[in-house]
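I opened a new notebook page for this chain. I wanted to know how it is put together before looking at single residues.

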Amino acid sequence: MKRGKRYVEAAKLVDRATLYDAADAIALVKKAAVAKFDETIEAHLRTGCDGRHADQQIRGAVVLPHGTGKVTRILVFAKGPKADEAQAAGADFVGGEELIPKIQNEGWLDFDVVVATPDMMGVVGRLGRVLGPKGLMPNPKAGTVTMDVTKAINDIKAGKIEYRLDKTNIIHVPLGKASFTEEQLADNFQTLMDAVIKAKPSTLKGAYIKSATLSSTMGPGVKLNVGKLVN
């Protein structure tokens, strides 16, 4: 795969054979984020879990202390007083049944997170084929199926992110922007790691976090010393 000049120059900063401490890795990733836009810094955690087993599924949410630096558009499925509450709390879109054809037939997906009250999950369930593959289905574990829509909206706007295993048992999460300070990124990363370590399945045998990498949108990956993260 041919890489651009900027990537090649940035990659020279990183020693691929070295496993870095989190603070050093964050400093390197920031330095290597040389694109003309404010790149997102992401963490990629390869786990020893097998997501095909229900008892080894990992899914949860955590509020990053410094947010993600991204404006998150929230769609809330609710009706009656709960719809009014969602509007008042600052949801970007609120609706019910009438949104189904818009999403299913017109391909409308101008939102980043979907929240639903439990009584609306019958409606939302019909969108499973569209929302599921995009990771947008509301889920009680992530706090996005709830009667307390105000708290859900406030948490998301404050920097709540969801973490879950992908098909290859890797967790991919945004930690913030390249413009964040190293301290802010370190706080966010530590908060994420605390939550993920707490979520370790009790049935798991062997290593939980097999490898961890930090990278920016356009930059090279920086491998972390996993032993120091998990112990």
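**Ground rules**

I am working with a predicted model, where local features need pLDDT of at least 70, side-chain atom pairs count only at pLDDT 80 or more, and totals for chains, interfaces and linings use all residues. Residues are numbered from 1 along each chain as its sequence is written, and side-chain values use heavy atoms, with hydrogens and water left out.

**Entry 1: domains**

I looked up the domain assignment first. Domain 1 covers 5-67 + 160-224, and domain 2 covers 74-158. These bounds come from an automatic or database domain assignment. I then took the centres over C-alpha atoms; 27 Å separate domain 1 from domain 2. Nine residues from domain 1 and nine residues from domain 2 make the contact. Contact here means heavy atoms within 4.5 Å.

How much area is buried between domain 1 and domain 2? I found about 790 Å², with carbon and sulfur atoms giving 45% of it. Buried area is the accessible area (1.4 Å probe) that two parts lose on being put together, summed over both. On the domain 1 side, Arg59, Val63 and Lys160 supply 66% of the area buried against domain 2, more than any other three residues.

**Entry 2**

I turned to the strands next. Helices (H or I, at least four residues) and strands (E, at least two) are DSSP runs, numbered from the N terminus. Two strands pair if DSSP finds at least two bridges between them.

I followed β1 (residues 40-47) and found seven bridges to β7. Ala43 stands opposite Val173 in β7.

**Entry 2: the cores**

Which residues have the most contacts inside the largest nonpolar core? I listed Tyr163, Ile171, Phe189, Leu192, Val196 and Leu214, in a core of 37 residues. A nonpolar core is a set of buried Ala, Val, Leu, Ile, Met, Phe, Trp, Tyr and Cys residues joined through side-chain atoms within 4.5 Å. Buried means under 20% relative accessible area, exposed over 50%, partly exposed in between (1.4 Å probe, protein chains only).

The elements giving two or more residues to this core include α2, β1, β7, α8 and β8. Helix α8 gives the largest share, six residues. Leaving aside neighbours within four places in sequence, Phe189 is in contact with Ala22, Ala43, Leu175, Leu214, Leu224 and Leu229. There is a second, separate core of 15 residues; among them are Ile103, Trp108, Val114 and Val123.

**Entry 3: the three-stranded sheet**

A further open sheet has three strands in the order β4-β3-β5, with parallel pairing. β4 (93-95) and β5 (113-116) each have a single partner strand, so one side of each is left without a neighbour in the sheet. The twist averages 20 degrees from one strand to the next.

β3 (residues 74-77) pairs with β5 over four bridges, and Ile74 has Val113 as its bridge partner there. Three bridges join β3 to β4, where Leu75 stands opposite Phe93. Ile74 and Val76 point one way from β3, Leu75 and Phe77 the other way, and all are buried.

**Entry 4: two loop residues**

Is Phe111 buried or exposed? Phe111 lies in the loop between α4 (99-104) and β5, and I found it buried, with a relative accessible area of 4%. Phe111 touches Arg73, Leu75, Phe93, Ile103, Leu131 and Leu136, not counting residues up to four places away in sequence.

Thr146 sits in the loop between α6 (128-131) and α7 (149-157). Thr146 is buried too, with a relative accessible area of 19%.

Definitions and conventions. Axes are lines fitted to C-alpha atoms, for helices over the stretch in contact, and angles run from 0 to 180 degrees between N-to-C directions.
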